[in-house]
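Biologist: Please take me through one part of this structure closely. I would like to see how a chain is divided, and then what is built inside it.

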Amino acid sequence: MKRFADVVAVAGLDLSVGAGECFGLLGPNGAGKTTTIEILEGLTPPDSGDVEILGMRWQDGAPGRALRERLGIQLQETQLADKLTVSEVLALFRSFYRQSHTVDEVLALVELEEKRHARVVTLSGGQKQRLAVACALVSKPELLFLDEPTTGLDPQSRRQLWEIIRRFRADGGTVLLTTHYMEEAERLCDRVAIMDHGKIIAQGTPKELIASLGADHVVDFALTEGSTADDLVEILQQMGGVSAVRTGPDGVSLTVVELHRALPALLGLLKERGVELSLLTTHHATLDDVFVALTGRQLRDT
Amino acid sequence: MYQLALSRMREFYREPEAVFWVFGFPIVLAFALGLAFRNTGPGKLQVGVASGPGDSAVVATLALSPRLVPTVLDTATARLRLRTGRIALFVIPGDSVVYRYDSTRTESGLARLEVDDVLQRARGRKDLVRVRDDRVVAPGSRYIDFLIPGLLGMNLLGSGIWGVGFSVVQARQRKLLKRYMATPMRRSHYLLSFILSRLVFLIVEVVALVGFGWLLFGVAVRGSFTSLAGITVLGSFSFAGLGLLVASRAKTIEGVSGLMNLVMLPMWILSGTFFSYSRFPDAMIPFVKALPLTALNDALRAVMIDGAAVTTLGTPLAIVVAWGAVSFVIALKIFRWR
């Protein structure tokens with residue numbers, strides 16, 4: 001548990017990550033992901049509770065440093081020294097570890113060879129982020145911590161980073177990452193824990209979590225202004241193939257098992273009532289829908 | 001630690017502005033002050049003579065003295081020039097000669113003595129005692145000789161506090177300190193890397209300023225260069241420690257700038273950089289002497305001007321070392337690593 005002044009940032013959570021696994025901490029901003037990961041990294045002391053990393057506990061002095069030798073850490077919003085070149089930054093980080101990749105090796109890992117002599121200040125956001133990950137990888141870590149590694153990056157840079165993470169895992173590395181992109185978690189992680197208000201509200205493989213919705217598809221619709229859907233909810237809940245109904249400010253969201261049965265039934269019902277649709281979309285259920293189902297809020301804009 | 005110190009140096013020399021303020025600025029300052037206060041032999045004294053009957057005779061008499069430059073002026077102009085310091089004394093000839101001058105100005109007092117001497121002799125005063133001038137040029141007595149060691153001290157203070165303070169706070173603000181904490185890096189290595197990189201810059205700073213003083217103004221180092229090197233190293237360590245202390249808690253550049261000024265400004269004024277601290281009231285002197293910059297300046301001057309041996313400088317050097325050691329220990333204790 002961790003309190004900041006009078007705010008409880010992280011309130012009692014239990015999770016374990018197995019060797020070779022990629023584990024994702026998922027949640028909106030302010031959910032306590034960063035606090036959690038920094039407690040695990042030994043950067044923030046917890047007010048209570050136990051952390052065990054690679055069979056060790058955080059201690060000051062030599063044992064703590066011995067543990068750090070085996071970890072690779074990328075922090076959210078670290079800005080590396082602008083005036084140094086890429087290879088100088090890596091040489092610096094490399095010098096902190098007894099065992100490490102050479103600068104060339106780690107440049108190859110993150111595909112920044114061409115930028116070797118470029119100053120940090122001239123790098124793009126994606127390149128800076130790859131350099132930050134390179135600083136984490138330079139120590140040949142057994143366990144890699146990544147705090148929102150792709151936040152704010154364009155899709156191409158994001159895919160490049162995913163590829164780096166996949167390669168690290170292919171060599172047997174363990175990854176713990178935080179993200180608020182559900183898509184990222186679904187693609188990269190073996191298991192995820194969804195956090196909200198400092199608590200873990202669901203944990204499991206992405207497939208399990210989606211399956212917990214009890215349905216494969218989500219149908220979102222909204223009615224034209226003036227129409228109300230309030231009395232529809234009850235009828236919709238009885239409808240064949242619908243497993244859950246939620247109304248929100250933007251319209252109504254249905255989780256459905258059999259789209260081919262539910263959709264015609266919905267349209268029939270609306271026609272019967274004489275109300276018109278202003279929006280209708282369907283998609284495969286994602287972790288986003290899991291979050292909405294658990295909290296009643298959207299993940300991204302909370 | 002070598003890599004840390006190396007990074008520190010690279011970050012520094014790639015910042016052209018910082019390089020100027022540390023190396024260029026003191027030299028520019030020394031140049032300007034050296035020019036302004038250069039010794040041109042015994043100074044010529046500008047003297048005004050009131051226009052009117054007999055003015056040209058007085059001017060002719062005064063012109064006999066090599067130190068006086070007499071000019072005929074009307075009263076209004078003379079008043080203005082007297083006020084702005086362009087003449088030292090205004091002479092109004094007549095049956096009784098009137099000297100108008102500001103008695104608080106040293107050169108006015110000199111001018112009065114000289115003018116009076118010349119005029120009295122011209123009227124037939126006889127010297128009763130025979131005198132002979134025995135002129136001595138005291139080594140290192142010029143203002144620039146006094147100034148260069150002071151600037152050296154000030155520069156060591158400035159670059160120690162700025163160089164260390166800004167880097168630390170910037171690293172803290174950019175969460176770089178936290179990132180370093182996430183590696184097995186030893187904390188003491190981080191702090192020591194500042195002192196190590198300071199040592200390298202120190203050589204450049206000292207050589208630049210002392211070399212400049214020597215080349216342009218012939219400011220010699222009378223003591224041994226080893227003593228000078230030893231003292232500057234101690235001073236530089238001490239101020240790096242002070243810089244770490246100043247930067248140990250501050251979270252923003254603005255915050256640390258304020259603190260730096262708070263630390264440095266009083267020392268610039270009090271510690272005898274530009275003028276001797278003996279001008280301050282006696283009651284203040286013990287406090288002034290306890291400041292690290294005062295102690296360093298005293299030691300530097302003792303070596304550069306008087307050619308003193310390091311062994312005679314125990315007290316000031318102890319003060320310098322004590323400041324540095326105490327600051328470093330406190331900094332290490334209270335340092336905010338995140």
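Modeller: Domain bounds here come from an automatic or database domain assignment. Keep in mind that this is a predicted model.

Start with chain B. Its domain 1 covers two stretches, 2-37 and 142-334. Domain 2 of chain B covers 45-122. How far apart do the C-alpha centres of these two domains of chain B lie? They lie 47 Å apart.

Now zoom in on domain 2 of chain B, residues 45-122. Strand β1 of chain B takes residues 45-50, and strand β2 of chain B takes residues 68-73. The two strands pair in the parallel sense, over 6 bridges. Find Q46(B) and look across to β2(B): V69(B) stands opposite.

For comparison, turn to chain A. Its domain 1 is 2-205, and its domain 2 is 214-284. Their C-alpha centres lie 41 Å apart.

Next, the interior. Nonpolar side chains tend to be buried together in soluble globular proteins. The largest nonpolar core here has 80 residues. L26(A), V89(A) and L287(A) are among those with the most contacts inside this core. Helix α5 of chain A, residues 125-137, gives the core its largest share, 7 residues.

Note on methods: Residues are numbered from 1 along each chain as its sequence is written. Chains are lettered from A and ligands numbered from 1 in the order in which they are written. This is a predicted model: local features need pLDDT of at least 70, side-chain atom pairs count only at pLDDT 80 or more; totals for chains, interfaces and linings use all residues. Two strands pair if DSSP finds at least two bridges between them. Helices (H or I, at least four residues) and strands (E, at least two) are DSSP runs, numbered from the N terminus. A nonpolar core is a set of buried Ala, Val, Leu, Ile, Met, Phe, Trp, Tyr and Cys residues joined through C-beta atoms within 7 Å. A residue is buried if 20 or more other C-beta atoms lie within 10 Å of its own, exposed if 12 or fewer, and partly exposed in between; C-beta atoms are placed from the backbone.
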